[in-house]
Amino acid sequence: MKKILAAALAMSALSAVAIAQDATRENYFKAGNHQIYVWCTGGKGDKSVTVQAANGEEAIKKAASEAGANCWGVWQGLK
């Protein structure tokens, strides 16, 4: 059981590193395809989306507004 848990944690850590490779401060301010995690209240499904925008702030606003009321976005990086 401990080996399985350790393997799962290692895979999770590697996934986080792979996702975060383009999540630098400089990339937040660049134009391009931004990866945004959108979460909503009220039972709506949370999801990760790609948004074409001039910068991370614009991408978050676009993703949240397209998802509907009571939704917020979190920038995950530049794809």
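Tutor: A contact means heavy atoms within 4.5 Å. In this predicted model, residues 24 or more positions apart account for 57% of the contacts in the chain with a separation of 6 or more.

Student: Which conventions apply to the numbering and to the values?

Tutor: Residues are numbered from 1 along each chain as its sequence is written, and side-chain values use heavy atoms, with hydrogens and water left out. The model being predicted, local features need pLDDT of at least 70 and side-chain atom pairs count only at pLDDT 80 or more, whereas totals for chains, interfaces and linings use all residues.

Student: How many helices and strands does the chain have, and what pattern does the chain follow along the sequence?

Tutor: Helices (H or I, at least four residues) and strands (E, at least two) are DSSP runs, numbered from the N terminus. Here there are 3 helices and 3 strands, and the pattern along the sequence is α-α-β-β-α-β.

Student: What is the order of the strands in the sheet?

Tutor: Strands of a sheet pair through backbone hydrogen bonds, either parallel or antiparallel. Two strands are taken to pair if DSSP finds at least two bridges between them. In this case the sheet is open, with 3 strands in the order 2-1-3 and antiparallel pairing. Strand 2 (47-53) and strand 3 are the edge strands, each pairing on one side only. On average, neighbouring strands of the sheet are turned by 35° against each other, direction ignored; axes are lines fitted to C-alpha atoms, for helices over the stretch in contact, and angles run from 0 to 180 degrees between N-to-C directions.

Student: How many bridges join strand 1 to strand 2?

Tutor: Strand 1 (residues 32-40) and strand 2 run antiparallel and are joined by 7 bridges. V38, for example, has K47 in strand 2 as its bridge partner. The hairpin of these two strands has 6 residues between the strands, and in this hairpin G42 takes a positive phi near 85°.

Student: With which residues is G73 in contact, leaving aside its neighbours within four places in sequence?

Tutor: G73 lies in strand 3. Its contacts, with those neighbours left aside, are I36, Y37, V38, I60 and A64. Q35 is 38 residues from G73 in sequence, and their C-alpha atoms are 9.8 Å apart.

Student: How many aromatic pairs does the structure hold?

Tutor: Rings of Phe, Tyr and Trp (its six-membered ring) pair if their centres lie within 6.5 Å; planes under 30 degrees apart count as stacked, over 60 as edge-to-face and the rest as tilted. The structure holds 3 aromatic pairs. One of them is Y28 with F29, edge-to-face at 5.2 Å centre to centre and 85° between the planes. Y28 and W75 also form an edge-to-face pair, with 5.2 Å between centres and 85° between the planes. This second pair links distant parts of the chain, with Y28 in helix 2 (residues 25-28) and W75 in strand 3 (residues 71-78), 47 residues apart. Ring pairs link Y28, F29 and W75 into a cluster.

Student: Where are the salt bridges?

Tutor: Side chains of opposite charge can pair when their charged atoms come close. The criterion is a side-chain nitrogen of Lys or Arg within 4 Å of a carboxyl oxygen of Asp or Glu. A search of the whole structure finds 2 salt bridges. E57 forms one with K61, the closest N and O atoms being 3.4 Å apart, and E58 meets K62 at 3.8 Å, N to O.
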